[in-house]
Amino acid sequence: MTNSVRKVAAAAAVAVLGAALAGCGGGADAPAAGREARMGTPAASASGSASASASASAAGSPAASPQAGAPAKPPTMAPGPNGLAPVFERAKQQTDKTVALTFDADMTSDQGPRAAGGEHFDNPALISALRTLKVPSTIFMTGRWAEEYPDQAKSIGTDPNFEIANHSYSHHAFTSPCYGLPVLDTAAARADVDRAFAAFRQAGAVNTVPYFRFPGGCYDDQSLRALSTAGVTAVQWDVVSGDAFAKDPVAVAEQVLAGVKPGSVVVMHCTRSAAPVTEEAVRRIVPELRKRGYRFVKVSELIGK
């Protein structure tokens, strides 16, 4: 296991998506760049993830103390070598035609003035479309987003159609370089994760899951070690939608449809200002994948396979 930083994007995609990722997580080919850190095996909450559960209990995370009304504890993965947090990219069971659409609800800790000035980091029309289309989804939310839109965070986090996963509080990087994002040290990184879960609880979200997505998709051994006591599974992806700052929903939909395979995790965004055509793209993606025999699931179902 090398301690060098995993580059998140293929070289050809960096120029196109780098600027987008600085304010909107999810880069091209992040899973390919992080394969060396992909470790651990799916483990039932009651058995294989005992070590992670103990860590979560010690940290007081939602995984250890679910709120009243919350669903049963979702599956996590067993810790990897040397206790590093495990990384999930795609279901190992790759014959079942299931796919998880995931949406990053990004907002950095210093973007409050932009929101006050009218910039929309939310996308209620997208959430409404997912409900109308009956698409179970996982929303990777930053704590700052939950604070800015507490009513929406609660609505999403109490709807059984959705589960809320952790995308950090501040959307700062956990390693460097990472698209110019400010970088947190190890202690600050772990505190940032806890602060996000606290923001979800404060908003009243109960359908939270012990999954974490690195801002920008950037991570290395040190950042996995920082997560090791949080009792979370890091979740990457194998399909990049290309919706960040896209203007053509047809192109976004075609990119997703070309990349999806059984067990895929698709990364998209739930921020109007940074991903304005995502809703329209989803309305094209969903019926076509269903026509191809795919069933939409949350990340928790993929990890549980």
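Me: Rings of Phe, Tyr and Trp pair if their centres lie within 6.5 Å. Which residues do ring pairs link into a cluster?

Reply: This is a predicted model. In it, ring pairs join Phe174, Phe212, Phe214 and Tyr219 into a cluster. By the ring-centre rule, the structure has six aromatic pairs.

Me: Why is the pair of phenylalanine 212 and phenylalanine 214 called edge-to-face?

Reply: Start with distance. The two ring centres are 5.1 Å apart, and the limit is 6.5 Å. Phenylalanine 212 and phenylalanine 214 therefore count as a pair. Now the angle. Their planes stand at 90°, and edge-to-face needs over 60 degrees. So the pair is edge-to-face.

Me: What makes the pair of phenylalanine 214 and tyrosine 219 stacked?

Reply: The angle again. The planes of phenylalanine 214 and tyrosine 219 are 15° apart, and stacked means under 30 degrees. Centre to centre, the rings are 5.2 Å apart, against a limit of 6.5 Å. Both tests are passed, so phenylalanine 214 and tyrosine 219 form a stacked pair.

Me: How do you know whether phenylalanine 212 is buried or exposed? And phenylalanine 214? And tyrosine 219?

Reply: Set each value against the cut-off: buried means under 20% relative accessible area. Phenylalanine 212 has 0%, so it counts as buried. Phenylalanine 214 has 1%, so phenylalanine 214 is buried. Tyrosine 219 has 1% too, so tyrosine 219 counts as buried.

Me: What makes the link of cysteine 178 and cysteine 218 a disulfide?

Reply: Sulfur distance. The sulfur atoms of cysteine 178 and cysteine 218 are 2.1 Å apart, and a disulfide needs them within 2.5 Å. So the pair qualifies. The structure holds one disulfide. The angle about its S-S bond is 80°, and the link is right-handed.

Me: Which parts does this pair of cysteines tie together?

Reply: Two loops. Cysteine 178 sits in the loop between β6 (162-166) and α8 (186-203). Cysteine 218 sits in the loop between β7 (208-212) and α9 (221-227). The pair therefore ties together parts 40 residues apart in sequence.

Me: Why does cysteine 178 count as buried? What of cysteine 218 and cysteine 270?

Reply: The cut-off is under 20%. Cysteine 178 has 3% relative accessibility, so it is buried. Cysteine 218 has 1%, so cysteine 218 is buried. Cysteine 270 also has 1%, so cysteine 270 is buried.

Me: How do you know that the buried residues of α7 lie on the same side?

Reply: In α7 (residues 150-157), the buried residues are Gln152, Ala153, Ile156 and Gly157. They span an arc of only 125° around the axis, which puts them on the same side of α7. Their cover includes α5 (124-132), β5 (137-141), α6 (143-148), β6 and α8.

Me: How many helices and strands does the protein chain have? What percentage of its residues is buried?

Reply: The protein chain has twelve helices and eleven strands. Of its 305 residues, 58% are buried. Among contacts between residues at least 6 apart in sequence, 82% join residues at least 24 apart. The chain exposes about 11400 Å², with 53% of it from carbon and sulfur atoms.

Me: Where is the pLDDT below 50?

Reply: The chain averages a pLDDT of 83, and 77% of the residues score at least 70. Residues 1-23 fall below 50. That stretch has 54 contacts in the model beyond near neighbours in sequence. Residues 25-69 also fall below 50, and this stretch has 118 such contacts.

Note on methods
Residues numbered from 1 in each chain as written. Predicted model: local features only at pLDDT ≥ 70, side-chain atom pairs only at ≥ 80, totals over all residues. Heavy atoms only, no water. Helix = DSSP H or I, 4+ residues; strand = E, 2+ residues; numbered from the N terminus. Buried < 20%, exposed > 50% of the residue type's maximum accessible area, 1.4 Å probe, protein only. Contact = heavy atoms within 4.5 Å. Areas by Shrake-Rupley, 256 points an atom, 1.4 Å probe, with all protein chains shown as cover. Arc of directions from axis to C-beta. pLDDT = per-residue confidence, 0-100.
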